[in-house]
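I opened my notebook to look through one chain, piece by piece, and to write down what I found in the order in which I looked.

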Amino acid sequence: MSPLLQVTGISKSYGAIQAVDGVSFEVMPGEIFGVIGPNGSGKTTMFNSVLGQIAPEQGRIALKGRDITGLSPVELNRRGVGRTFQTLQVFGKMSVRDNLLVAAQEHRGTLLSRMFAPGDSGLGAKADALIAQFRIGDVAHRKAGELSYGQQKLVDIAMAFMSDPDLVLLDEPCAGVNPALVGGISTLLKELNRTRRASFVVIEHNMDFVMDLCHRILVMVEGRVMALGTPGEIRANKQVLDAYLGN
Ligand SMILES: Nc1ncnc2c1ncn2[C@@H]1O[C@H](COP(=O)(O)OP(=O)(O)OP(=O)(O)O)[C@@H](O)[C@H]1O
């Protein structure tokens, strides 16, 4: 099986800070791939390099064997790469359902083309299916800003799925979420992985969540890959325990 995502030797510095230093890894189709590491270890910078948000100074990123290095987030989205951010991206004054529709239109075209696009172009059915899958039907017509933070996080994740992505990069999906809802997010991601064959790259500090959810985990320390393996291998890695998990 050939990799869905191939990251080869990417580096990015900010002045004297080498935020990402020669990071390489592959994500296979259908894989849930975790990225962990202490604060400031370069996880988000690596993520943003993959996602076209920042240009890596070195290295190559390929999706399904094609070079995508330097492509814009919009172009990547069209090629099947979705993302969520550390901070919520929902529009608080719009209904949950409208947030999903806007996310899909974002994927389909420019603001101008959206303004003149006829109706919802069949996106309503897709939004309703996701609302059902995310079990947020009871709040679908409420303003997103009125929902609990955890529920807004679910809306945020659902928005990333409106473009039928092959690969979704999730930046700290559990941050700030009530522990009672963390298990729900994990169950949901496993279900999306199974039913939609979507692959995920997940940055997360919640170790129980990562260990339970991910097939393989990359450990970053000071911009470099310290370890890469299954949750069992990462838990048993002495170097990782000393540098990170043991803290
Ligand atoms: N825009 C920027 N300008 C200057 N330095 C930056 C910038 N973004 C990140 N850095 C620095 O690069 C290093 C890596 O940061 P990054 O945010 O990628 O780490 P992280 O592992 O995602 O951290 P966290 O877990 O806290 O989100 C840090 O030293 C950070 O201070």
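Which residue just after H1 takes a positive phi? I looked it up and found Gly52, whose phi is about 75 degrees.

**Entry 1: ground rules.** I noted that this is a predicted model, in which local features need pLDDT of at least 70 and side-chain atom pairs count only at pLDDT 80 or more, while totals for chains, interfaces and linings use all residues. Residues are numbered from 1 along each chain as its sequence is written. For the names, I wrote down that helices (H or I, at least four residues) and strands (E, at least two) are DSSP runs, numbered from the N terminus.

**Entry 2: domains.** I found the chain divided into domain 1 (1-80 + 167-247) and domain 2 (89-164), with bounds that come from an automatic or database domain assignment. The C-alpha centres of domain 1 and domain 2 lie 25 Å apart. I then looked at their contact (two residues are in contact if their C-beta atoms, placed from the backbone, lie within 7 Å), and it takes 11 residues from domain 1 and 9 residues from domain 2. On the side of domain 1 that touches domain 2, helix H2 (73-78), S7 and helix H7 (179-196) each supply at least two residues, and H7 gives the most, with 3 residues. I sorted that side of domain 1 by class and have 7 nonpolar, 3 polar and 1 charged residues. In this sorting, Ala, Val, Leu, Ile, Met, Phe, Trp, Tyr, Cys and Pro count as nonpolar, Asp, Glu, Lys and Arg as charged, and the others, Gly among them, as polar.

**Entry 3: the open sheet.** I traced an open sheet of 6 strands in the order S6-S7-S8-S3-S9-S10, with mixed pairing; two strands pair if DSSP finds at least two bridges between them. Strand S6 (81-84) and strand S10 (224-229) stand at the edges with a single partner strand each, so one side of each is left without a neighbour in the sheet. The twist averages 15 degrees from one strand to the next, where axes are lines fitted to C-alpha atoms, for helices over the stretch in contact, and angles run from 0 to 180 degrees between N-to-C directions. Inside the sheet, strand S7 (residues 167-171) and strand S8 (residues 199-203) pair in the parallel sense over 5 bridges, and Val168 has Phe200 in S8 as its bridge partner.

I also looked for helices that pack on this sheet. Helix H1 (residues 43-50) touches strand S3 (32-36), S7, S8 and strand S9 (216-221), and its direction makes about 150 degrees with that of S7. Helix H6 (residues 149-160) touches S6 and S7, and its direction makes about 165 degrees with that of S6.

Entry 4: Is H1 mostly covered or mostly exposed? I found it mostly covered, with 7 of its 8 residues buried, among them Lys43, Met46 and Phe47. A residue is buried if 20 or more other C-beta atoms lie within 10 Å of its own, exposed if 12 or fewer, and partly exposed in between, with C-beta atoms placed from the backbone.

The residues surrounding the ligand include Tyr14, Ile17, Gly42, Lys43, Thr44 and Thr45; a residue is near a molecule or strand if its C-beta atom, placed from the backbone, lies within 6 Å of it. H1 brings the largest share of this shell, 3 residues. By class, I have 3 nonpolar, 7 polar and 1 charged residues around the ligand.

Entry 5: Strand S1 (residues 5-14) and S2 run antiparallel and are joined by 8 bridges. Tyr14 stands opposite Ile17 in S2, and Ser13 has Gln18 as its bridge partner there. Their hairpin has 2 residues between the strands, and in it Gly15 takes a positive phi near 60 degrees. S1 also pairs with strand S4 (residues 58-63), in the antiparallel sense over 5 bridges, with Val7 opposite Ile61.

**Entry 6: two loop residues.** Lys64, in the loop between S4 and strand S5 (66-67), has a positive phi near 50 degrees although it is a residue other than glycine. Lys64 counts as partly exposed, because it has 15 C-beta neighbours inside 10 Å. Asp164, in the loop between H6 and S7, is not a glycine either and has a positive phi of about 50 degrees. Asp164 counts as exposed, because it has 12 C-beta neighbours inside 10 Å.
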